[in-house]
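Please look over the sequence and the model before reading on.

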Amino acid sequence: MKAKENSLGKNDDRIEKLVTAIHQIRMGNFSTEIPVTPPDQLGELSVALQDLSKALESRFREIQLLDKITLRTNSGFLLEEILSEIYTDFREFIPYNRIGFALIDKQKQTVRAHWAASDQPTVHLEVGYESPLQGSSLEKIIQTGQPRILNDLPKYLRDKPESESTRFMVEEGMRSSLTCPLVANGVPVGFMFFSSTQTQTYKDIHTDTFQRIAAQLSVILEKGRLVSQLADQKKHIEIQNAELKRLDELKNKFLGIAAHDLRNPIAHIQMVATMLLSKSIPISVEEAQNYINDIRVQSDYMLTLLGDILDVTQIESGKLELELQYVSIQDFLHDIIKVHKNLAKPKGTSIELDCDEKGKVFTDPLRMRQVMDNLLSNAVKYSPAGSKVVVKCYRKAKAWHFEVIDQGPGILPTDRDRLFQDFARLSARPTGGEKSTGLGLAISKRVVEAHGGKIGVESEPGKGSIFWFTLPSEGKES
């Protein structure tokens, strides 16, 4: 091919190469060879074309990267995933050791750190950090719409020692920063913070590049944030639906068991009432008294069962409200034991208190009485006649520790896992024919845990049982 003459009137095959290079660049091939020597006018044109090629390649890569992130955003990627990708892939456009992302609240009052990634070992400015927007340097960035560059963070901190966020950044090892405002659909939504461990990192960087990138990132990140919110809402709804399903199943279970457990006492009451009303069946006064007592016993059981079911459903629906107050340990236990001693007399069972420590516990006295009533009534119910029940209390670490010790049959290992479940039916049976709803321990567990305590049992078959629970010690009065 015949070489063309350049402007100096000389044939130069570089012109053909430049034309080829221009076509290649137009096709997106930026690695094409561009002759830049000798340094004449054609050489200067080649150098300019080479610089243009590098700028176009950078811009092309930037668009490709933003398109990829946009595609992933449209595919449902969450905000944190998008930010992690930005941190990994944007180094060729922006120098940084750390990227932070903060959101402006809906009231435009507060800026809250939402995400950060750094190649430094320690992060002082953590996610969740908040600072007021009004009157801050960030508010000025929003007002001007211009990125802010600080090429010497230690000096800036010396000039403005009250800037806590700058102090955190300096402590992390950052020495310069670039802050870009993020504005989506004309509304400020947050900030991107690019930080470097070197001073003067952003001295010669054109802010229009960052403004262009920030403008595109704003829309992407806002969409990612909305996707994350929808995902959180979906998860929350799924959890709520699962809880509603569990509560519905629990309600059906309670209704089924309640109907089953109420059928026998109701039938018994109906039968006894029929006999008492019948004129054809002669009944002595003593027999009538026994029948009336049967009605009372069955009625008490039904009321207890219904009360326990109402307690469990109230607790499960999140309506358990504790009325906490400081209660004297000694007075609290003495009052409870006094009542149960009278109830245990027919079986000849004694109840003793082993608690020398004086102090106060922070509790709901009515609910904790319910726990102690359940544990003590069970201890008496399952212990043989003439046995002894001991109530102990003492401090243990940062909690009060309570124990109810009986001389009953103990608990089989197969029963222990079901002990605190609703309507648990165990191998052991009450020694005096007393009835049990099977809910007392389940309610006690819920009440103790609502106080922040724990409940458990230590037992071996044939060696009695120790039911225990703890209550956290709170306040100076405890």
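The sections below cover a group of paired strands, a disulfide and a pair of packed helices.

## A predicted model

The structure is a predicted model. Residue numbers start from 1 along the chain as its sequence is written.

## Strand β11 and its two partners

Strand β11 covers residues 399–406 and is mostly covered, with 7 of its 8 residues buried. Strand β10, residues 388–396, is joined to β11 by 7 bridges, and the two run antiparallel. The hairpin of β10 and β11 has 2 residues between the strands, and A397 takes a positive phi near 60 degrees there.

Strand β13, residues 465–472, also pairs with β11: 8 bridges join them, and they run antiparallel. F402 of β11 is the bridge partner of C393. In β13, the bridge partner of F402 is F469.

## The disulfide

How many disulfides does the rule count in this model? The count comes to 1 disulfide. C355 and C393 form it, with their sulfur atoms 1.8 Å apart. The pair links distant parts of the chain, as C355 and C393 are 38 residues apart. C355 lies in the loop between β8 (350–354) and β9 (360–363), while C393 lies in strand β10.

Are these two cysteines buried or exposed? C355 has a relative accessible area of 6%, so it is buried. C393 is buried as well, because its relative accessible area is 4%. Another cysteine, C180, has a relative accessible area of 1% and is therefore also buried.

## Helices α10 and α12

Helix α10 spans residues 365–382 and helix α12 spans residues 440–450. They pack at an angle of about 145 degrees, with their axes 9 Å apart. The crossing of α10 and α12 is left-handed.

Which residues make the contact? On the α10 side they are R367, M368, Q370, V371, N374, L375 and N378. On the α12 side they are G440, L441, I443, S444, V447 and V448. The residues of this contact divide into 7 nonpolar, 5 polar and 1 charged.

Methods:
Predicted model: local features only at pLDDT ≥ 70, side-chain atom pairs only at ≥ 80, totals over all residues. Heavy atoms only, no water. Buried < 20%, exposed > 50% of the residue type's maximum accessible area, 1.4 Å probe, protein only. Helix = DSSP H or I, 4+ residues; strand = E, 2+ residues; numbered from the N terminus. Pairing = 2+ DSSP bridges. Disulfide = S-S within 2.5 Å. Axes fitted to C-alpha atoms, helices over the stretch in contact; angles between N-to-C directions. Left-handed = near helix turned anticlockwise from the far one by under 90°. Contact = heavy atoms within 4.5 Å. Nonpolar A, V, L, I, M, F, W, Y, C, P; charged D, E, K, R; others polar.
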